[in-house]
Amino acid sequence: MVALYPWLIVALSLLGARLVSSATRRTRKIGFAIWVVSNGMIGFGFYQTGDIPQALLFLVGYEYYNLRGYINNRHQEGL
């Protein structure tokens, strides 16, 4: 049986990347949220398999700093 979890992550990552490149701000926000969720799923998968360096890369390097940047941008825009 084919494992569906990796395919779900691929689909979410590609969908998020596609939406982030949209011309509308709302669609870009939705795309970013989807992309962040997919990165979290990837990081959690690495954590489950014991690949701690990759888990740290995705969960701290990507998740934490992307969310930090999003919060800082919202603050600077006065939203």
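A nonpolar surface patch of about 970 Å² is formed by Tyr 5, Leu 8, Phe 44, Tyr 47, Ile 52, Leu 56, Leu 59, Val 60, Tyr 64 and Tyr 65. Patches are built from residues with over 30% relative accessible area and no salt bridge, where nonpolar side chains (Val, Leu, Ile, Met, Phe, Trp, Tyr) are joined within 5 Å and like charges within 9 Å. A salt bridge is a side-chain nitrogen of Lys or Arg within 4 Å of a carboxyl oxygen of Asp or Glu. Two or more residues of the patch come from each of α1 (5–20), α2 and α3 (52–77). The largest contribution is that of α3, with six residues. Leu 59 belongs to helix α3 and counts as partly exposed because its relative accessibility is 35%; buried means under 20%, exposed over 50%, and partly exposed in between.

The model is predicted: local features need pLDDT of at least 70, side-chain atom pairs count only at pLDDT 80 or more, and totals for chains, interfaces and linings use all residues. Residues are numbered from 1 along each chain as its sequence is written, and side-chain values use heavy atoms, with hydrogens and water left out.

The chain contains three helices and zero strands, in the order α-α-α from the N terminus. Helices (H or I, at least four residues) and strands (E, at least two) are DSSP runs, numbered from the N terminus. The C-alpha trace spans about 45 × 25 × 15 Å along its principal axes. Of the 79 residues, 20% are buried. Among contacts (heavy atoms within 4.5 Å) with a separation of 6 or more, 42% join residues 24 or more positions apart.

Helix α2 covers residues 25–48, and its 24 residues should span 34 Å at 1.5 Å a residue; the end C-alpha atoms are 35 Å apart, which agrees. The expected span is 1.5 Å times one less than the number of residues. The buried residues of α2 include Gly 31, Ile 34, Asn 39 and Gly 45. Asn 39 has a relative accessible area of 4% and is therefore buried. Apart from residues up to four places away in sequence, Asn 39 touches Phe 58, Tyr 62, Glu 63 and Asn 66. Just after α2, Gly 50 adopts a positive phi of about 85 degrees.

Five aromatic pairs are present. Rings of Phe, Tyr and Trp (its six-membered ring) pair if their centres lie within 6.5 Å; planes under 30 degrees apart count as stacked, over 60 as edge-to-face and the rest as tilted. The ring centres of Phe 32 and Trp 35 are 6.4 Å apart and the planes lie at 35 degrees, so this pair is tilted. Both residues are in helix α2, three residues apart, about one turn of the helix. Phe 32, at 22% relative accessibility, counts as partly exposed, and Trp 35, at 27%, also counts as partly exposed. Phe 46 and Phe 58 form a tilted pair, with 5.6 Å from centre to centre and 40 degrees between the planes. Phe 46 lies in helix α2 and Phe 58 in helix α3, so the pair ties together parts twelve residues apart in sequence. Phe 46 is partly exposed at 24% relative accessibility, whereas Phe 58 is buried at 13%. One aromatic cluster is formed by Phe 32, Trp 35 and Tyr 70.

Terms used:
Buried means under 20% relative accessible area, exposed over 50%, partly exposed in between (1.4 Å probe, protein chains only). Accessible areas come from the Shrake-Rupley method with a 1.4 Å probe; for residues, only the protein chains shown count as cover.
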